[in-house]
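Here are a few friendly notes to read alongside the model. Take them one at a time and look for each residue as you go.

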Amino acid sequence: MSLKLLMLIAAALTVIAVILYFVFLKSGTPEDTIEKMEHALNNLDQEELLECFDNQIQGLYSGALSVGGELAGIDLGGLSDLAGGLGGFMSAAGLTPEFDLEIVNIEYSDKNNCMAEVNFTMTFQGEIQTETQVLPMTKDGREWVISASAL
């Protein structure tokens, strides 16, 4: 009986250790961010896409919506939200592109900054376009983000 209890305690401690590792210790990688970006693009999820960028780029996006909305006299933020919501309908109708992001190379300048060379392939209604982009990335806390300041 005590052997079963000891094994149960050991299993519980192992599960707790694994959870603590993933929640508090494991750092993301540039590859994780590129994968997240691909997922966001394919799901037309602008919130998830914005999470791939640093605060400076997110601020520029927010500011552009605000200034553009003032100049146009309409709520561009609301239109942006509407466009994001329509993404599911467009996807169901086959009217959205499919993205494939392939990492060609990652060159680290130090432990917190790198340049990721990525092939962006977009397929839409049988047409395929590929473009190579170099994304400046920086480590923000435990996650890597695409960064304007890393340029």
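1. Start with the largest nonpolar core, which has 16 residues. Such a core is a set of buried Ala, Val, Leu, Ile, Met, Phe, Trp, Tyr and Cys residues joined through side-chain atoms within 4.5 Å. Buried means under 20% relative accessible area, exposed over 50%, and partly exposed in between (1.4 Å probe, protein chains only). Met-37, Leu-101, Val-118, Phe-120, Leu-135 and Met-137 touch the most other members.

2. This is a predicted model: local features need pLDDT of at least 70, side-chain atom pairs count only at pLDDT 80 or more, and totals for chains, interfaces and linings use all residues. Residues are numbered from 1 along each chain as its sequence is written, and side-chain values use heavy atoms, leaving out hydrogens and water.

3. Now see which elements build the core. Helix H2 (30–42) and strands E1 (98–110), E2 (113–124), E3 (127–140) and E4 (143–146) each give two or more residues, and E2 gives the most, with 4. Helices (H or I, at least four residues) and strands (E, at least two) are DSSP runs, numbered from the N terminus.

4. Next, find the one salt bridge, which links Glu-51 and Lys-36. The term means a side-chain nitrogen of Lys or Arg within 4 Å of a carboxyl oxygen of Asp or Glu; here the closest N and O atoms are 2.8 Å apart. Glu-51 lies in the loop between helix H3 (46–50) and helix H4 (55–72) and Lys-36 in helix H2, so the pair ties together parts 15 residues apart in sequence.
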